[in-house]
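Try each task before you read its solution.

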Amino acid sequence: MTVSNRNLFDLTGSNVLLTGGGQGLGKAMALGMAAHGANVAILEVNPKTGEEAAHEIESVGVRSLLIVGDVTDEASATSAVNRVVDAWGRLDVLVNNAGFAILSPAEEMSVVDFKRVYELDVVGMFICSKAAFVPMAKQRHGVIINMASMCGMTVLLSNKHAAYNSAKASVIMLTKSLAVEWAPHNIRVNAIAPGYVNTPPVMKMGEEDPKRWAAMMSRVPMGRAGEPDELQGAAIFLCSRASSYVTGSVLVIDGGHTCM
Ligand SMILES: NC(=O)c1ccc[n+]([C@@H]2O[C@H](COP(=O)([O-])OP(=O)(O)OC[C@H]3O[C@@H](n4cnc5c(N)ncnc54)[C@H](O)[C@@H]3O)[C@@H](O)[C@H]2O)c1
């Protein structure tokens, strides 16, 4: 066994590009990585929340960059990657976090809405990963973290969102495929699969129907939803030296929900 003084979770000097970092899980992960020394750029469609998040990241004592753009637009993704490389010299980590769900019984869902979910949750992820591959392959080093969901692994009786479930299942398979294809380039690709976490869209669900929310929570072995900060450890682990032999994995963070 090798003994090392170096902190396995130290991210000092790592340059991260994180999508959808203006609020929710993306913002929490960005702040967690920044607290461990990473510079974090945000590719966010909402300039207001993006700017606030970038200021908060800087206040941790690292560099930040707000790039206003849309992950589903190839030109936007390429220019975000180039801006990070131009500003900071290299891109070490891409966190594909931007994503959303549309709740609707399948038989009532329009094809347009079904495609919108896939466009953001799957196609946007592919677009950003492909853009990040260019500098990462050149550097012969890179880490990609994809936001999946427990919904990509199991169907929740309480939530009708077939498009989201199947899109998140695609995220898991995209993660594994890229992990295998890009391992020879020394690029690791992993996914995080959260259960319910208290971000604005999830909290809105709880506020709109407290009875249904209580029923949803009763199915979580830990009896509660997670807090966004509880995703920080996973993000730090997956982009740090602590996970140097981890690729193609899905880290489930769901209070035990998918055990049942
Ligand atoms: N909150 C949960 O319980 C939960 C559970 C499982 C998985 N997830 C996944 O985690 C991710 C984040 O979820 P959240 O709850 O924090 O959502 P959120 O809605 O709070 O945040 C999403 C962020 O992405 C940004 N965004 C949306 N479209 C974008 C685009 N085209 N380009 C760039 N940015 C865009 C939004 O402006 C927002 O800041 C999503 O992929 C979601 O599916 C969330």
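Two residues are in contact if their C-beta atoms, placed from the backbone, lie within 7 Å. This is a predicted model, in which local features need pLDDT of at least 70, side-chain atom pairs count only at pLDDT 80 or more, and totals for chains, interfaces and linings use all residues. Residues are numbered from 1 along each chain as its sequence is written.

**Exercise 1. Leucine 17 and valine 84**

Task: Find which residues leucine 17 touches, not counting residues up to four places away in sequence, then do likewise for valine 84.

Solution: 
- Step 1. Leaving out residues up to four places away in sequence, leucine 17 touches Ala41, Leu43, Ala80, Val81, Val84, Leu91, Leu94 and Ala132.
- Step 2. With that same exclusion of residues up to four places away, the list for valine 84 is Asn15, Leu17, Ala41, Leu65 and Leu91.
- Step 3. Valine 84 sits in helix 3, residues 74-88. Helices (H or I, at least four residues) and strands (E, at least two) are DSSP runs, numbered from the N terminus.
- Step 4. Valine 84 is buried because 25 other C-beta atoms lie within 10 Å. A residue is buried if 20 or more other C-beta atoms lie within 10 Å of its own, exposed if 12 or fewer, and partly exposed in between, with C-beta atoms placed from the backbone.
- Step 5. Leucine 65 is 19 residues from valine 84 along the chain, and their C-alpha atoms are separated by 8.0 Å.

**Exercise 2. The nonpolar core**

Task: Which residues have the most contacts inside the largest nonpolar core?

Solution: 
- Step 1. A nonpolar core is a set of buried Ala, Val, Leu, Ile, Met, Phe, Trp, Tyr and Cys residues joined through C-beta atoms within 7 Å.
- Step 2. The largest such core has 72 residues, and Val16, Leu17, Met33, Val40, Ile42, Ala235 and Cys239 have the most contacts inside it.
- Step 3. Helix 4 gives the most to this core, namely nine residues.
- Step 4. Of the protein's 260 residues, 45% count as buried.

**Exercise 3. Helix 1**

Task: Is helix 1 mostly covered or mostly uncovered?

Solution: 
- Step 1. Helix 1 is mostly covered, with 10 of its 12 residues buried.
- Step 2. Among the buried ones are Gly24, Lys27, Met29 and Met33.
- Step 3. After helix 1 comes glycine 37, with a positive phi near 105°.
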